[in-house]
Every structure is written in structure tokens, then in C-alpha cells.
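Hi,

Here is the model I promised to pass on. Have a look, and my notes on one of its interfaces follow below.

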Amino acid sequence: MVARGVIRFGSRPAIRAVAVAAGPTENKHSPFSLQFDRLYDSDLCGQKTNEQAHRKLIEDACGLALNKAGKTISDADYLVCGDLVNEMTPSNFAAATTGLPYVGLFSACATSTSALAYAALLSEAGASTLVLAGAASHHNAIERQFRYPIEYGFQKPQNAQWTVTAAGIAAVTPHEEGYPSIRQATIGRVVDYGLTDPLNMGAAMAPAAFDTFRRHLEAAGAEPEDYDVIITGDLGAIGTQLFRNMASESGYTVDGDRWRDAGKEFYGEDPSFFAGASGAGCSAAVYFSDVYNRMMEGEYRRALLMATGALLSPLSFQQGESIPCTCHAIELVMGEGESR
Amino acid sequence: MDRQAYSQMEQQVTPKVPLGLNLMKAFLTGGIICAIGEGVMYFYMYFFDFTERTAGNPTVATMIFIAMLLTGFGKYKRIAQFGGAGSAVPVTGFGNAMISAAIEHRTEGYVLGVGGNMFKLAGSVIVFGVFSAFVVALIKTILVKFGVVGW
Amino acid sequence: MMASFLIAFVVGGLFCVIGQLLFDVAKLSPGHTLCILVVSGAVLDGFGLYEPLIDFAGAGATIPITSFGNSLTHGALQEAEKHGLVGVITGMFEVTSSGISAAILFGFIASLLFRSKSRP
């Protein structure tokens, strides 16, 4: 054991392939859309309900990830994924379609990294040759559950965030040269600073991100400069600012391009999406497209993925509870990044 | 960093609500909706047999019909993003709350979905309206009975 | 006639300004705000103040949700005047049926015709 909640993977499981399926808003407004593997031109993705469309996105991403890895469904051993809908039915149905042994994970928007950690553990234990791991969200399905009907008119503040419609899946295998490998995972604690505004999730999640960040770096014996990228999940413009403030107040050097946030960048900082994107699919879609591709191209040698999640429910919010948050970190290394 | 220090920092970083601008936009939006309502009222007074007192009912129904079209075509949420309370306070906002919930829950069927969820947002307005009206009317009726006030 | 449009605009706008203050200053949700306004409408009619406002502002007073509270009280009081205490309960929806019936009707029709779409 390295430190409490920190896992060092001696076998360095690899991410063999990744795939992202996304909806029409992402197609039109996301600068990452060119790197997505399948884009739909309707919210319903040819299905009858939002929840079915949500399921379809997960199924597509699973199939595409296997294709890109040159594998078929019979090569896969497990599906580890989650979403935000009640009881995670979209993931459950997608798991039924794939027929794979399945673990549904709920870490809210931090599911992309908690799924990677789980998949890496399966691989490290020698229990699997290929795990499909990922997370998904669907704007319409999530908004109507957590907030209001889609067509209901209410004024969103500048700190609101837009739930993305996307699913991102990674194929995790035992170590293979030439692919990004998973070196360390830090399982997040649940941090609650007493914030209650569900339209300001970034601010609620930033302390959780900082907690995991500090623990991960201490366990790794690393400094922020050792990473080519430190990319949080969906803190958005406000949460990112707060996270950086916390880091620099604690003496870390916060500089330029190294510090990214998937949610802030997801819609190209377009003000009609307010503070940026959120949702379990947000971090999954960016990690499993842009970040992965940059690692494959050699631009990033060592990357720290920190997906953040707000673990509230509509019920807890209405009962006046605060928003408990978490953040799970995954450190990926590639080539010479290993020796750093 | 403790909770209190964080909460101070959070308040600094989170953008302030542009109150003056929001109030102006609410005034403008709500004003326009009511002016349209006035137009509809005149329409019913001139072309049908309604008086200033009775034209209110068909006017409200017509405004909710307009709200249905705007909601269905996805325009009402845009108006609301601009106008805030300006589009929520008029009866069109009440209509929008019911209509959007009905549209949203169509996928759960007409009985459990549409029927069961239509009042999800607007229901509390009806509950509090009816209960407060009951209390007010009860007090007034009792006061009149005891001759404290007249009708 | 132009004057009546202007009055409707200003009075209706002012109701919405109160609503926006409840949103932004009191930090209330739309649901809480609308409930407060409905209750105020009901109370104002108890003091006999809302009907004169309708005479003055027309749609400026009938379109905001406060008028819903007003008509509920108004219906209850009208019946109470005729039938005593029982009228308080039976008269409630006498005046205000159109808003709710229209919303139910058009809500149902909308669910047949439209689907929600996510657009920024």
C-alpha cells in the first residue's frame, strides 16, 4: 500500500483503445467533436425515449472501442460503467445488450476515472484480459431528473453548467507497449464544504478535486510540473478558478496550458453554455478522445486525470442537504513518462 | 483551507447576479406579455360579447394557448433565459410549467406520464392559491357575520 | 386605448420586477416565488384591493399569477355572500376555472404534438 486510498499498479494496465459517441449539441458546439467516433443528429439517436438514446450511446461506444482495439465482444471480460439516471438503467440495459459480466458504478460525474480504477484492478489481479470501462450522460434524461423539464423556462445563472450527451468507453488490457498505461489511482474521499446550490456544482466540487490532487501528488512524490497535463473533469469556469486558487494558496505552481478542465473546454467556452459542461459523459468524452489522442501522439507523456462528481440527488437537495462531492484520480504514463 | 475561508473565496469567484439588468429585463418581458394580454382582451371585448370584467377568462386561456406554441417549439425557455421572472410570473409561465411537464413525461405514457406529472411544477401554485384563498375567505366571512366588516 | 396598453405594460412589468427580486435577492426558487405571489393575490382580494387594480390596469393585473389567487378568493367570497360558510369551499373555482382548464387542455394537446429538444 502506498498511502490510504492510493493504488500503484505494478503491472501497468494499458488503455488499448477508446471510443466516444455523442449527441447533436456536442456535434455542433464542441471543439472535440472531430475526435468523437460517432455523432448523432438527434437527441433521441433514433430511439423512442431519452433513456433509450442514453443506452444506445453506451452500446455504441462499447462496440466502437472494441472495433478500434481490433477485438470483438467475445474478447471482452467485463463491462464497468455508470451514468446518472435513477438506478443507472441505461448502463444496465447496455450491459444486458453486450451480455458481459457487469459492475455498475456510481460516482456521479467522476465515474470515468472510478471505472478506470476498477478496470485496472481487475487487470492487475489477472482477472481480465479486456475490460470495457467508461461513463455516459444524456442531457435530456439527466436534466429532467435532477432539475426541470427540458422546455420549462427558468433563468440559469452564469455559474450553471450544461449536461453533455455523450458516452466514453475505454478498453483496458494488461500492459502493452505503445499504449498509455495506468500507473496510479487515487480513490477520492467524499468532501462536503456545505455548499447547497445545485446550479453551482463546480464550486461544490473544487474542494474534493483539491483533496484528491494533494493526496495523489504526495503519494506519487510528484510536483505539478512533472505532469504534462492535469485535467479535471467538469469543474467548469467557476470551479476551475476555485481549484486553482486552492492549489496556489497551498504553494503549488499553477501555470498555463498544463492545467485543463474538460467541462470548461467542452463547448469552447461558449457563454450560451454558461460555466461549461458537466455530466458523467463530459470527462469520459474528453479523456477518451483528446487526452488519449495526445498521449498516443506523444504530446503528453504523463497525464493526471481527475474526474469530479457531485453526489447529490434531487431528494437530498429538496430536503435542504448540502452537496457531497468526490474526485477520483488516474495517472497515465506513456513511453518516457514512466521514468519521470 | 477551512469551510469559512472557502465560502468567502467562493463568493468572490462566483459571478454576481446582474440585478439591475435582470430587473429591467423582467420588467420589459413581463410588461410586453401583459400588453399582449391587453390586446387579446380588447379583441374579445370588440368582437365578442365580453365586458372588461369578463374578458379576463378567455384572455387567460388564449395566453396559455400561445404559451403552448412557444413551449412546444422550444422558444419559451429562451424567453425565460432572457426575461427571468418576466416570463415566469404571467399566467403564460404557469402554462409553460404545466405544458413542459406534460411534454416531458409523454414517454411514460398518457396516464402515468402526462396525467401524473402535469401538475408536478404548477401543482404547488394551485395548492397554495386554494388554501390561502380558503383562509382569507373564511376569515372575511366570519368577520362579516360578526359585523366587523362589510362585503 | 394606447394609455390602457401602457398601464398594462407598466403594472404587469412591476409584478414581474417583484418576482425577479424574489428570485435574485431572496434567492427563492421559481416554485416558491410563484406560491408567494399567488398567496399575496388571495390576500389582496381579502382586503378588496385587487379588483380595483384590475379596473385600473386590465391585463396588467389579470395576466400575472397573482390574479389566480385573487380569483380564487373572489369566487369563494361571492359564494359565501350567497350561501354562507359552505360557499367558501364551493365557490373557490367559480371564477378561475379558465386558467386551469386551459392549462390542462393545452398541456395534454402539447404532449400529443411536441417533443422536448435540448438546445442551448
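Chain B and chain C bury about 6000 Å² between them, with 77% of that on carbon and sulfur atoms (buried area being the accessible area, 1.4 Å probe, that two parts lose on being put together, summed over both). B:Phe27, B:Val89 and B:Trp151 supply 11% of what chain B buries there, more than any other three residues. In contact terms (heavy atoms within 4.5 Å), 68 residues of chain B meet 73 of chain C.

A caveat: this is a predicted model, where local features need pLDDT of at least 70 and side-chain atom pairs count only at pLDDT 80 or more, while totals for chains, interfaces and linings use all residues. Residues are numbered from 1 along each chain as its sequence is written, chains are lettered from A and ligands numbered from 1 in the order in which they are written, and side-chain values use heavy atoms, with hydrogens and water left out.

What about salt bridges across the interface of chain B and chain C, and how many does the rule find? It finds 0, taking a side-chain nitrogen of Lys or Arg within 4 Å of a carboxyl oxygen of Asp or Glu. Several helices of chain B give two or more residues to the side touching chain C, including α3 (56-72) and α8 (123-145); helices here are DSSP runs (H or I, at least four residues; strands are E, at least two), numbered from the N terminus. The largest share, 17 residues, comes from α2(B).

UniProt (unreviewed entry) places a "transmembrane region" at four stretches of chain B, among them 54-73 and 123-143; its positions follow the numbering used here, feature names are shortened, and annotations may be inferred rather than shown by experiment. Residues 123-143 of chain B are 100% helix, with end C-alpha atoms 30 Å apart.

Cheers
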